[in-house]
Amino acid sequence: MAITRDQADVIANRYNDRRITNKLKMEKRIQEVYTLIPEMAELDQEISGLALRATKSALQGDNTFKDSLREDIAVISERKKALLLANHFPADYLDEIFTCPDCKDTGYVNQKPCHCLKDEIIKLLYSRSELQEILDRENFDTFDYSLYSEDYIDETTSISAAENIETVMDHCHYFINHFDKTFDNLLFYGRAGTGKTFLINCIAKELIEKSYSVIYLSAVQLFDLMADYSFRRDNNSVYSQISMDELIHCDLLIIDDLGTEMTNSFTDSSLFDCLNERLTHQKSTIISTNLSLQQLQERYEERIFSRAAGNYTPLKIFGDDIRIKKNYTV
């Protein structure tokens, strides 16, 4: 489970709250039943008495009562169920309450994460990534191949937009399916309106649902965040809650719209440090930009471009402007 210590604490607190809530609910049920069926309290006292007697005997070396305790309790439990049914309660009304019966609200089954824990992690990662609402709209299920035309031919490669997007999608699925087996980074480039951000969101949704930690930042947000770290500025925005450790060690960092930021020595240095640290720690990064590879090389320092050229898989996205095409066809 790729979560930070702070995130683990958040989830642990949720499970603790869950157990407390269920315990209070159980106590309320017990008092309700005791009021309506006084004999039930007597039966519970009888069980407590048997357990105490068996414990004392065992401490004195006599296991006679301990051996018969389970059978005695089973007999009393059947009497309790009969009383509940006779008074119009479900037979299991006084059974211990669990939100998840599989792990009994511990989060683990046989020392392995329970399905409910995985769901909690996914919910938390969605929340921290600020992507939940977007990913409900933009994902592989809603991706429309028809927006990429067979008639739009790229002058450099002589490949159609439709053929190209098939190849790009194959690479996206490979990236997702082999995320935990191979280390890869992606560079989506091409002019605005061709669906780069949509594709990135498709990847983000799939990986978040596999419980990987994903941080999504526009280039402007990234450099604002780096400036906050460097100059210790106060910032109350949502993305400012991301720690430097999370930025470097999250499973996937997405930097959208690289090239829209003001370029200077600080942004160049910050970008190099961020990309280099993530490469060092073998943490994947996806970058999208409206710039061509040549424009990237001209805009950023050679050391930055060499990192991208040598360690990122470039995926060119081209075709008609999707936003215009959608408006035209509606």
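1. Strand 3 (186-189) and strand 6 (residues 284-289) pair in the parallel sense over 4 bridges. Strands here are DSSP runs of E with at least two residues, helices are runs of H or I with at least four residues, and both are numbered from the N terminus. Two strands count as paired if DSSP finds at least two bridges between them. Phe188 stands opposite Ser288 in strand 6.

2. A note on the source: this is a predicted model, in which local features need pLDDT of at least 70 and side-chain atom pairs count only at pLDDT 80 or more, while totals for chains, interfaces and linings use all residues. Residues are numbered from 1 along each chain as its sequence is written, and side-chain values use heavy atoms, with hydrogens and water left out.

3. In what order do the 5 strands of the open sheet stand? The order is 4-5-6-3-7, with parallel pairing. Strand 4 and strand 7 (313-316) are the edge strands, each pairing on one side only. On average, neighbouring strands of this sheet are turned by 15° against each other, direction ignored.

4. Helix 8 (residues 219-231) lies across strand 4 and strand 5, and runs at about 100° to strand 4. Axes are lines fitted to C-alpha atoms, for helices over the stretch in contact (heavy atoms within 4.5 Å). Angles run from 0 to 180 degrees between N-to-C directions.

5. The largest nonpolar core has 33 residues, and Phe188, Ile203, Leu207, Leu252 and Ile286 have the most contacts inside it. Such a core is a set of buried Ala, Val, Leu, Ile, Met, Phe, Trp, Tyr and Cys residues joined through side-chain atoms within 4.5 Å. Buried means under 20% relative accessible area, exposed over 50%, and partly exposed in between (1.4 Å probe, protein chains only). Among the elements that each supply at least two residues of this core are helix 6 (161-177) and strand 5 (252-258). Helix 7 gives the largest share, 8 residues. Apart from this core lies another, of 26 residues, among them Leu247, Cys250, Leu271 and Tyr312.

6. Phe188 deserves a separate look. Leaving out residues up to four places away in sequence, Phe188 touches residues including Val168, Cys172, Ile203, Ile286 and Leu315.

7. How many disulfides (pairs of cysteine sulfur atoms within 2.5 Å) does the structure hold? The count is 0. For Cys172, the nearest cysteine sulfur, that of Cys202, is 7.6 Å away. Cys172 is buried, with a relative accessible area of 0%. The sulfur of Cys274 lies 8.4 Å from the closest cysteine sulfur, in Cys250, and is therefore too far for a bond. Cys274 also counts as buried, at 1% relative accessibility.

Note on methods
A disulfide is a pair of cysteine sulfur atoms within 2.5 Å.
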